[in-house]
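This report describes a ligand site, a sheet and some backbone features of one protein. Please look at the structure before reading on.

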Amino acid sequence: MRKLSPLLYVCISIVVALAQPKPIEQRIDSLLKLMTIEEKIGQMNQYNDDWTATGPATVDNDKANQIRNGQVGSLLNCIGTERTRSWQKIAMQSRLKIPLLFGQDVVHGYKTTFPIPLAEACSWDLDAMQNAARIAATEASAGGIHWTFAPMVDIARDPRWGRVMEGAGEDPYLGSRIAYARVKGFQGNGLGEVNSVMACVKHFAAYGAAVGGRDYNSVDMSDRQLFEVYLPPFKAALDAGAGTFMNSFNDLNGVPATGNSFLQRDILKGKWGFKGFVVSDWGSIGEMINHGNVKNGYEAALSAVTAGSDMDMESRCYKNNLVQLVKDKKVSTALIDDAVRRILQKKFEMGLFDDPFRFCNAEREQKELNDPDHAKSAREIAAKSIVLLKNENHLLPLSKETKTIAFIGPLVKAYKQNKGFWDIELPGGDSSFIVSQWNGLKNKVGKKTILLYAKGCDIEGTNKEGFAEAVRTAQQADVVILSIGERRDMSGEAKSRSDISIPGVQEELLKELLATGKPVVVLINAGRPLVFPYTADHAPAILYTWWLGSEAGNAIADVLFGDYNPSGKLAMTFPRSVGQIPIYYSHFNTGRPATDDANHNYNSSYTDLSIYPKYEFGYGLSYTTFSYSNLQLTKKQMTANEQITVSLTVANTGKYPGEEIIQLYLRDKVGSIVRPVKELKDFKKVALAVNESTIVQFTIDKEKLSFFNQQLQWGAEAGEFDVMVGASSRNIKLQDTFSLVP
Ligand code: GLC
């Protein structure tokens, strides 16, 4: 073959090079050079569309013009390929044709609705949670959504706070593992994939520690506790590649998170090297005025942009003040360019500049939103999220040959209630695909079983007129199932409750039903741990069914009849009384450790109640039983660069196949700062047939022994450690000790 002349070779190389797509950074540089300051600030401006308002909405009928003028970078709460396409078309009329980013709270499903995140967390099944997020992303992206405001990773130890339903509970280790899995699920094989949505880790930071469990309330804590308890899930999500963060409404140690440079610049973008962008929470920039941290919108915009809030959700402070701040030389164009670059980077990565309509595919929307495999996955993780709290005399599982079952309660025939808070109701409001608890039971039982129904009472209120009919119905049955709890909108955003008992007269209804002498299985539906002493002490069987999503009825029936042996374990402590809150398992020992006996002599017990919860973190029963034996450590001493392997045997010693979540806890017995009496450091979920056993292994390395000391240095200190393996944080089955030596 004739050799190419050097000149020809050079020409061809130039042509080939020019044909290559320019690196994103170069494309951003070129675009920034063309943008006016108004267009740059437009990218930092996000408005709500009309699907719903998830905050105090501003009426603004000029959005289309502002989009045409390049003054809007993103819309939220814009649902469906048709609607997103229409807005994107308007964006393409702008001078530089910069595509809009569509964001949505796809928190636990888009059309297919999964259990609320706190319920999913009780499955401890990371693959199942990642798969749920993957399906949510597949459906949402098919519906035109680019960006989900999830996962919410706020550690929460106060069930009065309504948003506990949205996170992964009280523990930094479990919360970190789950945060990582959910980000991987949402973002799939990367932001360039058309079935991926960009994750948004929220709410940065420590929002779950609001004083009094009151939403939006102040948070005050040591930097050490912030780093040890509240930040780890955010770091895990960042390590998973999360594209964006959302800051939080609360002030942290006196500085609103939105204007908190320590959080957003020093930690997130500095120490952690985050390259994505930060969106404010709804209106939180303007709300700094209410906080009393700034005087007006001008100062709010200055504070927020300086602190690293890149995009303004709905407050309009950036749109109304940043141009003037730049003119007044209070804000440099470099600061604006950094924010805009971060935002444009994500739009390029998502392929929106190459094809702004790539997510607007009605055919794909139709296909993905009706994929039967999605419902199957939802049913599976819903069953895994149910926690068996009590099962006296093996009342459960019920026999499918039961002649007559009375299904009673205000939630039995509900549809949308099962979706919990932060569900997405698609235009048209179709809820026929949701499997009610009643229909789930009907789907399950054979033709010979008679199902009876009575509502009994409402969720709230004092009306007991339905009791008599409920009692008559129960008297005709062989077994009674009673479904009670909160309304789904009694937990969620701005749903803090000072009284977290089961509302209304529902527990009094239980009392009447128990008086018939019939066996009663109680289902408790809620978005938070509730306090229910009567039910806990008198009902023979209790399933905590949370809000399980669109397959709730089928999942509950699967568990009731043993087609799925419940494996869920609580991801959050259930207090005996609201007076115990905040309550969590990984507490310090104190100088006068509480005791649970009657002797309250000068120790940190209550004089009127045990300090122990009703149900502890990690608690959950099974229809079978498991034995733990033969704990072995490969060594009793390790240096910082060595590891210890912990192994034990777990056997299914009962009559049903089942899954067990084996939990590894460690205690650093002496530290330069006090250390918790135990901390979850690993877990394994194993499935075992009857009489089957398996060897479970954990690895202990320096990382698992490390903590933030008083100087906020991360590291392990030599000394003795307890290693505890348990079926819950209180039900420790096996333990030993080892030492970290210098
Ligand atoms: C809400 C929530 C936040 C949500 C946002 C958009 O106020 O705090 O979690 O993502 O507004 O709906």
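How many bridges join strand β25 to strand β26, and do they run parallel or antiparallel?

## The open sheet

Eight bridges join β25 (residues 719–726) to β26 (residues 732–740), and the two strands run antiparallel. Strands here are DSSP runs of E with at least two residues, helices are runs of H or I with at least four residues, and both are numbered from the N terminus. Phenylalanine 721 stands opposite phenylalanine 738, a residue of β26.

Both strands belong to an open sheet of five strands with mixed pairing, in the order β18-β26-β25-β20-β21. The edges are β18 (637–638) and β21 (679–688); each has a single partner strand, so one side of each is left without a neighbour in the sheet. Two strands pair if DSSP finds at least two bridges between them.

## Basis of the model

This is a predicted model, in which local features need pLDDT of at least 70 and side-chain atom pairs count only at pLDDT 80 or more, while totals for chains, interfaces and linings use all residues. Residues are numbered from 1 along each chain as its sequence is written, and side-chain values use heavy atoms, with hydrogens and water left out.

## The ligand site

An oxygen atom of the ligand is 2.5 Å from a side-chain N or O atom of threonine 54. For aspartate 281 the corresponding distance is 2.6 Å, and for glutamate 493 it is 3.1 Å. The protein covers 100% of the 310 Å² of accessible area that the ligand has on its own (Shrake-Rupley method, 1.4 Å probe).

## Backbone features

Most residues other than glycine have a negative phi, and most peptide bonds are trans. The peptide bond from lysine 202 to histidine 203 is cis, with omega near 0°. Histidine 203 lies in strand β5 (residues 200–204). Another cis peptide bond, with omega about 0°, joins isoleucine 581 and proline 582; proline 582 is in the loop between α22 (552–560) and β17 (626–633).

Alanine 206 is not a glycine, yet has a positive phi of about 70°. Alanine 206 is placed in the loop between β5 and α9 (223–230).

Note on methods:
A polar contact is a pair of N or O atoms within 3.5 Å; within protein, one must be able to donate a hydrogen and the other to accept it, and residues adjacent in sequence count only if both atoms are side-chain atoms.
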